[in-house]
Amino acid sequence: MNKLVTTNITRFILLVLLQVLILSNINFLGFINPYLYVFFILLLPLNLDHWKVLIYSFLIGIVIDIFQDSGGINAAASLVAAYFRPNILKFAFGVSYEFQTIKFYQTPFTQRLTYILLIVFIHHFVLFSFAYFNFTYSLEILKNTLFSGIFTVLLVVISMILFRRRRR
């Protein structure tokens with residue numbers, strides 16, 4: 001196996017364990033939960049075939065669902081986020097993405113933050129929409145999406161800073 005595959009498998013396992021054993025037990029203010037496993041989708045190689053991104057996103061979502069007994073809502077949310085990922089990459093990175101010249105950590109922070117915000121909030125909106133599955137709870141869905149999304153984005157940004165590859 002090459003280094004990229006090993007890195008992604010390790011990242012997958014660590015994020016699933018972190019999510020299931022620690023983060024899923026956080027219930028800040030009664031409704032704010034971080035979903036750091038979305039970081040896996042964010043960090044998949046930018047030039048990876050779209051169908052592979054969909055499969056890997058589904059896998060991490062369904063594994064989380066199995067551990068949390070959540071009926072597939074994480075898999076669905078991950079799939080929707082992965083489905084829109086190419087469009088979000090084009091929006092956030094523009095021509096650099098189109099010509100496959102992106103070095104993720106060398107892009108301006110605002111472009112990376114745009115990418116992270118859009119993926120996280122799409123994921124969370126779908127997740128909470130399926131969790132409540134009733135328009136009567138629209139305000140709850142939006143509140144949970146907003147606050148859990150902010151918490152998740154903060155954790156993703158902190159993780160990116162802490163685990164950034166060192167330049168050689």
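Predicted model: local features only at pLDDT ≥ 70, side-chain atom pairs only at ≥ 80, totals over all residues.
Biologist: Let's start inside. Which residues touch the most other members of the largest nonpolar core?

Modeller: The general idea comes first: in soluble globular proteins, nonpolar side chains tend to be buried together. In this model the largest nonpolar core has 40 residues, and Phe 39, Leu 42, Tyr 115 and Ile 116 touch the most other members.

Biologist: And which helix gives the largest share of this core?

Modeller: That's α4, with 8 residues. At least two residues each come from α1 (3-21), α2 (38-43), α3 (50-68), α4 (73-93), α6 (109-132) and α7 (138-162).

Biologist: What does Tyr 115 touch, leaving out residues up to four places away in sequence?

Modeller: Its contacts are Ile 41, Leu 42, Leu 46, Arg 85, Ile 88, Leu 89, Ala 92, Phe 93 and Phe 104.

Biologist: Now a loop residue. Is Asn 33 buried or exposed?

Modeller: Asn 33 sits in the loop between α1 and α2. It counts as buried because its relative accessibility is 16%, and the cut-off for buried is under 20%. With residues up to four places away in sequence left out, Asn 33 touches Ser 24, Ile 26, Asn 27, Ser 148, Phe 151 and Thr 152.

Biologist: Last topic, the rings. How many aromatic pairs does the structure hold?

Modeller: There are 7 aromatic pairs. To read one, keep in mind that a pair of aromatic rings is described by the distance of the centres and the angle of the planes. Phe 12 and Phe 40, for instance, are edge-to-face, at 5.4 Å centre to centre with 80 degrees between the planes. This pair links distant parts of the chain, since Phe 12 is in helix α1 and Phe 40 in helix α2, 28 residues apart. Both Phe 12 and Phe 40 are buried.

Biologist: What about the pair of Tyr 132 and Tyr 137?

Modeller: That one is tilted: 5.5 Å centre to centre and 35 degrees between the planes. Tyr 132 has 28% relative accessibility, so it counts as partly exposed. Tyr 137 is partly exposed too, at 41%.

Biologist: And which residues form one aromatic cluster?

Modeller: Tyr 35, Tyr 37 and Phe 128 do.

Definitions and conventions: Residues numbered from 1 in each chain as written. Heavy atoms only, no water. Core = buried A, V, L, I, M, F, W, Y, C linked by side-chain atoms within 4.5 Å. Buried < 20%, exposed > 50% of the residue type's maximum accessible area, 1.4 Å probe, protein only. Helix = DSSP H or I, 4+ residues; strand = E, 2+ residues; numbered from the N terminus. Contact = heavy atoms within 4.5 Å. Phe/Tyr/Trp six-rings, centres within 6.5 Å; stacked < 30°, edge-to-face > 60°.
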